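These notes are meant for a colleague who is opening this entry without having seen it before. Please keep the sequence and the structure at hand while reading the points below.

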Amino acid sequence: MLVYADNAATTKMSQAAIDIELSLMREVFGNPSSLHSAGQRAKEVLEEARATIAECLGAEPREIYFTSGGSEADNQAIMTAVNLGARKGKKHLVSTAIEHHAILHALEAMKARGCEVTLVPVGRNGIVSAADIAEAIREDTALVTVMAANNEIGTIQPIEEIASLCKERGVIFHTDAVQAVGHIPIDVKAMNVDLLSLSAHKFHGPKGVGVLYCRRGLAPAILIEGGAQERGRRAGTENLPAIAAMARALKDACDNMAQNAVFVGGLRDRLIDGLSVIPHSVLNGDREKRLPNNVNMCFEGVEGEALLLMLDRKGIEASSGSACTSGSLDPSHVLLALGLPHEVAHGSLRLSLSEYNTPEEMDWIVEQVPLVINRLRDMSPVWEGLEDGSRPHII
Ligand SMILES: *Cc1c(COP(=O)(O)O)cnc(C)c1O
């Protein structure tokens, strides 16, 4: 059995999105900036996609800016607030310790431009408190950016509360909603969000395409100079087939959100219940305020990379953290932010699901993971020390 359980890294494109992408590649090849009929047909498709995406987010079409994905949207959002802040002498940026690297590294880069960054810690449950964010805000704060849902541990952050307090304090609020959009309800107007990032490949759309939502009245910073595409804020001929496929994937995700959440949430709970019986294991991230598709656990005395490779041999494709930290020897910054010691954080396993998974696949995972963990523990000197009492168990 082959089980793909790494949907937080990327998802398989839906057949509907593939069909649209292929048919546009064949049939609507015009440049939306061209004045002839082929160009105007392309322009129509582009604006239809923009309207569809706007509707899914509770936004207006003119507030939707197409990007090359979540990372670009995150960078553009931060630059937007930094540029605006600079004009008012505001150079303080507030975020959390568990953001995606697209945010953390972009914030770090802003230090070279004289910005000061405060990263607010999260609780043991992987959720930031709105009160802590409020306390971090200063007179010179130009931006608060807090992710809607975490990509490693699936925790859902109190975005609505944080956005409202930012509005009261006159601070721009951005949310990296890449893991949330299409999975949990998001309404930018009702939530008072100023800037939001999303990425198509996290909801069965194509890779390399995403959106920056930018509230009317705010002009996105220009990262790419050139033509007048995207209201002059993001140059370059649009990847129309991908944009239209993204719109279709998002519409399908939003139309089916409630039923998918029930189904996928059921698969998730089956996994959590089945794997929690493994001795000296712990579920990372809040049990309730959690994406329907995320399971993240640590197993003491187990090395995460070894676990992944052995699971891969059983046909189970999972992750030990985010795709970007896998391959490096440092444990995940998110797990460390929960207060887990290095040696425990190293033994992490993330299983992220989608509606394409089945209950039978969950049963296979629940059967195989304990076998693999037993084998790894049998070979581990660390586990031996834990078992003979020369090392204390932490979990
Ligand atoms: C995947 C992801 C990104 C990056 O999106 P890309 O489209 O791959 O650039 C950013 N933030 C979060 C939370 C993500 O999960």
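How many bridges join strand 3 to strand 5, and do the two run parallel or antiparallel?

1. Strand 3, which spans residues 92-96, is joined to strand 5 by three bridges, and the two strands run parallel. For a residue to look at in this pairing, take His92, whose bridge partner in strand 5 is Thr141. Please bear in mind throughout that this is a predicted model.

2. Strand 5 also pairs with strand 6, which covers residues 172-176; here three bridges join the two strands, and they run parallel. Within this pairing, Leu143 stands opposite Ile172 of strand 6.

3. Why can strand 5 be described as largely enclosed by the rest of the structure? Strand 5 comprises residues 141-145, and five of its five residues are buried, so the description follows from the burial of the strand. Buried is used here for a relative accessible area under 20%.

4. Turning to the ligand, 13 residues surround it, and the closest of them are Ser71, Asp176, Gln179, Ser199 and Lys202. By residue class, this shell divides into two nonpolar, eight polar and three charged residues. Helix 3, which runs over residues 70-87, supplies three residues, and this is the largest share of the shell.

5. Several atom pairs deserve a look in the viewer, one of them formed by a nitrogen atom of the ligand and an N or O atom in the side chain of Asp176, at 2.7 Å. An oxygen atom of the ligand lies 2.7 Å from an N or O atom in the side chain of Gln179, while for Gly70 a backbone N or O atom is found 2.8 Å from an oxygen atom of the ligand. On its own the ligand has 380 Å² of accessible area, of which the protein covers 87%.

6. A separate region to inspect is an open sheet of three strands, arranged in the order 9-10-12 with antiparallel pairing. Strand 9 (281-283) and strand 12 (348-352) stand at the edges with a single partner strand each, and therefore one side of each has no neighbour in the sheet. On average, neighbouring strands of this sheet are turned by 20 degrees against each other, with direction ignored.

7. Within that sheet, strand 9 is joined by three bridges to strand 10, residues 294-299, and the two run antiparallel.

Definitions and conventions. Residues numbered from 1 in each chain as written. Predicted model: local features only at pLDDT ≥ 70, side-chain atom pairs only at ≥ 80, totals over all residues. Heavy atoms only, no water. Near = heavy atom within 4 Å. Polar contact = N/O pair within 3.5 Å; in protein donor to acceptor, adjacent residues only side chain to side chain. Areas by Shrake-Rupley, 256 points an atom, 1.4 Å probe, with all protein chains shown as cover. Helix = DSSP H or I, 4+ residues; strand = E, 2+ residues; numbered from the N terminus. Nonpolar A, V, L, I, M, F, W, Y, C, P; charged D, E, K, R; others polar. Pairing = 2+ DSSP bridges. Axes fitted to C-alpha atoms, helices over the stretch in contact; angles between N-to-C directions. Buried < 20%, exposed > 50% of the residue type's maximum accessible area, 1.4 Å probe, protein only.
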